[in-house]
Amino acid sequence: VIVALPALALRSAGVAWWVVFTLSILMRVPFHLYYGWPALAYGVWAGLSVALYRRTGSVLGLIVAHSLWNALTLTDPTTNRVVIYVLIAAAVTVVVVTLVRASRAPHNETHASVTS
């Protein structure tokens with residue numbers, strides 16, 4: 001939500017991609033400052049999220065992948081190794097399928113939606 005909704009709103013308003021990219025990073029990093037310096041890595045995630053949204057015109061894959069990541073962080077790595085591998089594979093699959101679908105369909109940047 002922190003990256004997707006502002007990116008969708010800004011692009012709907014016709015704001016340039018570089019502004020969406022920059023603002024997404026500036027909104028995402030402070031949310032994770034409790035991690036200390038590693039919070040800067042969340043800027044990379046925000047940037048990649050905007051790049052994937054720009055490429056695919058969809059945030060659905062990102063939402064599903066992020067939800068799976070959150071589920072992954074809640075599992076105990078010592079007892080649920082199979083669950084962890086399944087969640088990682090599912091997250092990667094969702095992102096790859098989103099990219100493949102985007103490469104096959106014509107992309108209209110001005111009418112990108114959550115489910116396109």
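I started with R11 and V15: a polar atom of the R11 side chain sits 2.6 Å from the backbone oxygen of V15. I count a polar contact as a pair of N or O atoms within 3.5 Å; within protein, one must be able to donate a hydrogen and the other to accept it, and residues adjacent in sequence count only if both atoms are side-chain atoms.

A note on what I'm looking at: this is a predicted model, where local features need pLDDT of at least 70, side-chain atom pairs count only at pLDDT 80 or more, and totals for chains, interfaces and linings use all residues. Residues are numbered from 1 along each chain as its sequence is written, and side-chain values use heavy atoms, with hydrogens and water left out.

Back to R11, which belongs to helix α1. Is R11 buried or exposed? R11 counts as buried, because its relative accessibility is 15%. My cut-offs: buried is under 20% relative accessible area, exposed is over 50%, and partly exposed is in between (1.4 Å probe, protein chains only).

Next I went through the rest of α1, residues 4–12, and found A4, A7, L8 and R11 buried. They line one face of the helix, because they fall within an arc of 100° seen down the axis of α1. That arc is taken from the directions from the helix axis to the C-beta atoms. An α-helix has 3.6 residues a turn, so residues three or four places apart point the same way.

What covers that face? Among the cover for the buried residues of α1 I noted α2 (17–31) and α3 (41–56). Contact here means heavy atoms within 4.5 Å. Just after α1, I noted G14 with a positive phi of about 85°.

Then the whole chain. I get five helices and zero strands. Helices (H or I, at least four residues) and strands (E, at least two) are DSSP runs, numbered from the N terminus. Buried residues are 29% of the 116 in the chain. For contacts between residues at least 6 apart in sequence, 57% join residues at least 24 apart. The chain exposes about 7400 Å², with carbon and sulfur atoms supplying 72% of that. Areas come from the Shrake-Rupley method with a 1.4 Å probe; for residues, only the protein chains shown count as cover.

On to α4, residues 60–73, where I looked up L60. L60 is partly exposed, at a relative accessible area of 37%.

A91 is in α5 and is buried, at 15% relative accessible area. Which residues does A91 touch, leaving aside its neighbours within four places in sequence? I found A65 and L68. C-alpha to C-alpha, A91 is 8.4 Å from G61, 30 residues away in sequence.

V86, also placed in α5, is exposed at 52% relative accessibility. Its C-alpha is 9.3 Å from that of L72, 14 residues away along the chain.

Last, I88, in α5 (residues 81–104), is partly exposed at 39%. I88 forms a nonpolar surface patch with Y85, V92, V96 and V100, about 430 Å² of accessible area together. Patch residues have over 30% relative accessible area and no salt bridge; like charges are joined within 9 Å, nonpolar side chains (Val, Leu, Ile, Met, Phe, Trp, Tyr) within 5 Å. A salt bridge is a side-chain nitrogen of Lys or Arg within 4 Å of a carboxyl oxygen of Asp or Glu.
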